[in-house]
Amino acid sequence: MADMLWGDFLGLLAGVAWAATTLVVRTTTLARAPATQTLMYQLVAAAVLLLMASLVTGQTHFNPTPQVWLSLAFHSLVVSFASFLAWFWLLTLPGLTTGRFLVYDAHVPA
């Protein structure tokens, strides 16, 4: 039960972090920066923080199998690069708000 609650907490924390990132991008000079520049800042900061976290927790072992390389390529190119680039580009469009994205998603038939 404790593991399930910990997972729920981490899921909520991820949503708060995503919202905080969106607020920072929309309310700072990053709102006028190109999406590629915002993406670069995001990925460099994440790389540094995750490297430090891996060193602190002792999770530095890497077993390079073909499946690991494919997973790493997918998460690097699609999840981290393409989706964040699209999100940061959408945030630069004038007149669009996150609420409009959510309302649109709620009305799209499945």
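This note describes the fold, the helix packing and selected residues of a predicted model.

1. Basis of the model. The structure is a prediction in which local features need pLDDT of at least 70 and side-chain atom pairs count only at pLDDT 80 or more, while totals for chains, interfaces and linings use all residues. Residues are numbered from 1 along each chain as its sequence is written, and side-chain values use heavy atoms, with hydrogens and water left out.

2. Confidence. The mean pLDDT (the predictor's confidence in each residue, from 0 to 100) of the protein chain is 85, and 85% of its residues reach 70 or more. Among the elements of the chain, helix 2 (residues 35-57) has the highest mean value, 93, whereas helix 4 (residues 98-107) has the lowest, 52.

3. Overall architecture. The protein chain contains four helices and zero strands; helices (H or I, at least four residues) and strands (E, at least two) are DSSP runs, numbered from the N terminus. Read from the N terminus on, the order of elements is α-α-α-α. Of the 110 residues, 12% count as buried; buried means under 20% relative accessible area, exposed over 50% and partly exposed in between, with a 1.4 Å probe and protein chains only. Of the contacts (heavy atoms within 4.5 Å) with a separation of 6 or more, 68% are between residues 24 or more positions apart.

4. Helix 1 against helix 3. Two packed helices are described by the angle between their axes and the distance between the axes. Helix 1 (residues 2-27) and helix 3 (residues 66-92) pack at about 45°, with their axes 10 Å apart. Such axes are lines fitted to C-alpha atoms, for helices over the stretch in contact, and angles run from 0 to 180 degrees between N-to-C directions. Helix 1 and helix 3 are therefore oblique to each other; angles under 35 degrees count as roughly parallel, over 145 as roughly antiparallel, 65 to 115 as roughly perpendicular and the rest as oblique. Their crossing is right-handed, a term used if the near helix is turned clockwise from the far one by less than a right angle, left-handed being anticlockwise. Helix 1 contributes Trp18, Thr21, Thr22, Val25 and Arg26 to the contact, and helix 3 contributes Phe84, Trp87, Phe88 and Leu91. These residues comprise six nonpolar, two polar and one charged; Ala, Val, Leu, Ile, Met, Phe, Trp, Tyr, Cys and Pro count as nonpolar, Asp, Glu, Lys and Arg as charged, and the others, Gly among them, as polar.

5. Helix 2 against helix 3. The axes of helix 2 and helix 3 come within 9 Å and cross at roughly 130°. This pair is therefore also oblique, and its crossing is right-handed. On helix 2 the contact involves Ala35, Thr36, Thr38, Leu39, Gln42 and Leu43; on helix 3 it involves Ser80, Phe81, Phe84, Leu85, Phe88 and Trp89. By class, the contact of helix 2 with helix 3 has eight nonpolar, four polar and no charged residues.

6. Two residues of helix 2. Leu43 lies in helix 2 and is partly exposed, with a relative accessible area of 30%. Leu43 and Phe84 are 41 residues apart in sequence, and their C-alpha atoms are 9.4 Å apart in space. Ser54, also placed in helix 2, is buried, with a relative accessible area of 17%. Leaving aside neighbours within four places in sequence, Ser54 is in contact with Gln59 and Thr60.
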